Amino acid sequence: MDVPEGERTALTTSYPVGKLAATVERLRREVRAAQAEADGRALIELAKGILVERLGCGPAQAARQLAELAEQAKVTPLELAVDVINQSARDRLSDVAGAFLAGAKGDEGTAADRRERERSAAVRLREAESGALAAPDTQAVADSLFHHALTPLGAVAVAIWTAGTDGSLTLAGSAGFSPAEAGRWRYVPPGVVTVARTSLTERTGQWIGSLAETGLPSIGQHHFPDGGRAALPAGTGGRVHGVLEVVWPAPLEPQSPQVIRQVEALAELCAHTLETYAFVHGGDTVSEPRVLPDAAELVDLADGLHDPALVLVPYLDDGHLVDFHIHHVNSRFLDPAGRPRGLVNGALLLEAYPMAAGESELFQRVERVYATGEPFRAQRMNLTALVDQVTLASVADISISRHGNSVLLIWRVEDETARLASLLQHAQRLGRIGGFEENLLTGEITWNGQLFSLYGRSPSSGPVPLEELALHAHPDDAVAIGRFLRTLLHHRRPAAAAFRLQRPDEVTRHIRVVAEPVLDADGRPFVLRGAYQDISAQHWTEVALAATRDQLAHSEQQAAERNRLTLQLQHAIMPPTRAPLQAPRLDVAVRYRPAETEQLVGGDWYDAVVLPSGLVLLCVGDVAGHGIEAATSMVVLRNALRGLAVTGAGPGQLLTWLNSVAHHLTGSITATAVCGIYDPDSRTLRWARAGHLPPVLVRDAEAVSLPLLKGLLLGAVPDVVYGEDEVQLAVDDTLLMYTDGLIERRDRTMEESMTQLLTTVRTAPCTLDQQLDRLLTYSRSDTDDDTCIVGIRVS
């Protein structure tokens, strides 16, 4: 029978499960109330301390004074405590809170809104600050910021990222996301462009109306695809420690300056937390507070280097980084302008080298290393210093790295003598070589420090004469050592021998000794000079190689067979040369250049075919990865697109179907593609893209890249809608589709490579085939990737 709603609720709550749920909810409310009371109590106690200092009274009198003032002002003790703190602190939070309240005047709203405003922005910010300062880790900081300061602004989630020195991001704390979502985004590798990564790279706040409009991935992208985002670098004093990312559930309208300043203040609060604690990546635990190395420790490190070095400390003006103090110049430093070290030590960097901010951009490099922690290295960098109105140029190798709150700048001006001496030292160390000299007349023996290390002896124990060499070697090597000594002393010729050295620490090392005699005027040896080399690694490597030679040969044979089959499959579907496509009033040419390295056989593919309707299908794509898996995935996508194109659907719909094939009907492969349908009768091209570079249109002497349409790469998510565009072509127009193997370089950005490509295609040869051959010839790509090009020219 039907039970009324009220009775059904009563019945539910009368059962044990309902009572348990009610108890859990009551306890949750009590915990939240206790947390809020604890945060407020901390602020009230801080205000009492301020009154004790100002009034010169005791804690009890300060408490009474605070209560009386709150009653007179008709505010709560917590709100009055925050006012006292703001007036005393005069920090960023107090300025932001004042601006926020000033902007909120006159906004009446509903009764609920007025009740919420009673807990002013100042109280919320100070409660967030109090919770963050008392938090044991950054996860607790995220919870405090979210509940106290961001939820009243309409935010539904927050993430705090720490920045690694390699450009990676680690999720240090979050609120509003599910544990599974936070686990998936625990670590973002270097080079992956996300909303937070963009904010870190540009070192500016990113306020995004809708995440879907950017096409950038980020945490919570599936739960809040159309929500707004704010990502702000968390830094202090010119140094970026991480990023604060805030999520709204719906598209974000332009925010008021008061709200922007409030979120910036929260990012600065995160920066202080990230600066204090070091987090264990990939885990939920927090290590002890990090002790940053100070400038004194870095000075000791610089003095121990064989290269000239500067120790720089930030010079702040009103909390902003404006320059760097040259805190220390080590004894090996050579000033490019020839000035003594005393004139450089203690000066500001831009005072000592005013041109450092000019052509060489040295100051900008130091500033970026200090901000992000990512080291910078450059060889044969041109530096200029303005001295007595005469520009002196120097060529140097530069190394810049951050250590704690200081920067180490190694500035090596080319010096052939010093360079050769350093190379010799490094060669002896890396080769594990120790030299000796033994005087046969006086018995004096000289060893260098490396030789004592090889023997496992302390310098105080003294060197070992060659005559006693057999006493320190394996007994089975006595014959080889005896032959070595006879050749050296009796035959008076250079000699070499290999033996097993038995050290005092019971460690056996394989040693090679080489020596030569120095003869006097009568032809008798009086000095022996030579060197010992530890060849243990070489010996055991040879043993391991001999033991695994058959297995390696078998593995090489299998790899060669696998590469041969992969190349056969790839060339069968994508031949490097192909007969021109016959299409009415249209010249079509394709080119395919395999990777130079056979081990990097990839998944680049192209297609150009006349459909039964008379339309022309044009497409290129790139499957992620290399090897047989990428080649077979390429075949699946290429053939699937051909079959789908027969339906007469547009390029956007074709990519939508192809995304379903990639996501559901394959091994979860990912790929990029650009697809076009050309109508020879109307000379129109409809095209769409899925994470791929857009086509290039060449008209007359101009070349432009078509607009960057919205389109996620294939296979990433199950349901994607791809937009498409239409281009009206004219006679003699040329359109090029290509894969990134044509332009991608390791030493430059994609924007620079695109500019070079547009410059190259502006000068069009006579035929389309010649133009495609010219593109391959002058391609400056250095990534050993496949290259596909599809070109059409309207006739």
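The second largest cavity in this predicted model is lined by Gly-164, Gly-167, Arg-197, Leu-200, Thr-201, Arg-368, Thr-372 and Glu-374. It holds about 60 Å³ of space. Two helices each supply at least two residues of this lining: H10 (195–202) and H16 (362–372). H10 gives the largest share, with 3 residues. By class, the lining of the second largest cavity divides into 1 nonpolar, 4 polar and 3 charged residues. Glycine counts as polar here, so Gly-164 and Gly-167 of this lining fall in the polar group.

The largest cavity has a volume of about 120 Å³. Its lining consists of 13 residues. Nearest the centre of the largest cavity lie Leu-742, Ile-743, Gln-756, Ser-779 and Arg-780. Helix H23 spans residues 750–762 and gives the most to this lining, with 4 residues. The lining of the largest cavity comprises 5 nonpolar, 5 polar and 3 charged residues.

How many cavities of 30 Å³ or more are there? The count comes to 2.

Methods: Residues are numbered from 1 along each chain as its sequence is written. This is a predicted model: local features need pLDDT of at least 70, side-chain atom pairs count only at pLDDT 80 or more; totals for chains, interfaces and linings use all residues. Side-chain values use heavy atoms; hydrogens and water are left out. On a 1 Å grid over the protein atoms alone, a cavity is a set of points where a 1.4 Å probe fits but cannot get out, and a pocket is an open set with protein on both sides within 12 Å along at least five of seven lines; lining residues have an atom within 4 Å of a point. Grid points are joined across faces, edges and corners, and a volume is the space filled by probe spheres set on the points.
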